[in-house]
Amino acid sequence: MLNGAAEVIAEVRTSGMQLPDGSVDNGEDEPRIDICPYIGEGLTSEQARKLASVLLDAAAEVDAWTGHVAGFGLVEGQ
């Protein structure tokens, strides 16, 4: 995530383990979102909105891997 001066202020990463059958491990090593901030001070409101947007995108990516729909749990047949 960049600020207006194109400096990295945070990194958001998704990770998970795909099993040999193509499914995603939802047990011991379940998918996750890691947030690595690179600033020592608080965020401006604009930066906070951008971070929120990036986090929502990351959550949607993890949901797609696991078959979850936000607020609804596991999608049938997944």
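The buried residues of helix α1 are Gln 47, Leu 51, Ala 58, Val 62 and Thr 66, where buried means under 20% relative accessible area, exposed means over 50%, and partly exposed lies in between (1.4 Å probe, protein chains only). Seen down the axis of α1, these buried residues fall within an arc of 80 degrees, so they line one face of the helix; the arc is that of the directions from the helix axis to the C-beta atoms. The face of α1 turned away from this buried side carries the exposed residues Glu 46, Arg 49, Leu 56, Asp 57 and Ala 64. The structure is a predicted model, in which local features need pLDDT of at least 70 and side-chain atom pairs count only at pLDDT 80 or more, while totals for chains, interfaces and linings use all residues. Residues are numbered from 1 along each chain as its sequence is written, and side-chain values use heavy atoms, with hydrogens and water left out.

Helix α1 comprises 22 residues (residues 45-66), which at 1.5 Å a residue should span 32 Å, and its end C-alpha atoms are 31 Å apart, in agreement with that expectation. The expected span is 1.5 Å times one less than the number of residues in the helix, and helices (H or I, at least four residues) and strands (E, at least two) are DSSP runs, numbered from the N terminus. Just after α1, Gly 67 takes a positive phi of about 80 degrees.

Asn 26 is found in the loop between β1 (10-15) and β2 (32-37), and this residue is partly exposed, with a relative accessible area of 39%. When residues up to four places away in sequence are not counted, Asn 26 touches Pro 31 and Thr 66, contact being defined as heavy atoms within 4.5 Å. Asn 26 and Trp 65 are 39 residues apart in sequence, and their C-alpha atoms are 9.7 Å apart in space.

Side chains of opposite charge can pair when their charged atoms come close. A search of the whole structure finds two salt bridges, each being a side-chain nitrogen of Lys or Arg within 4 Å of a carboxyl oxygen of Asp or Glu. In one of them, Arg 13 pairs with Glu 11, the closest N and O atoms being 3.6 Å apart; Arg 13 is partly exposed at 39% relative accessible area, and Glu 11 is partly exposed at 30%. Asp 34 forms a salt bridge with Arg 32, with the closest N and O atoms 2.8 Å apart; here Asp 34 is partly exposed at 21%, and Arg 32 is likewise partly exposed, at 47%.
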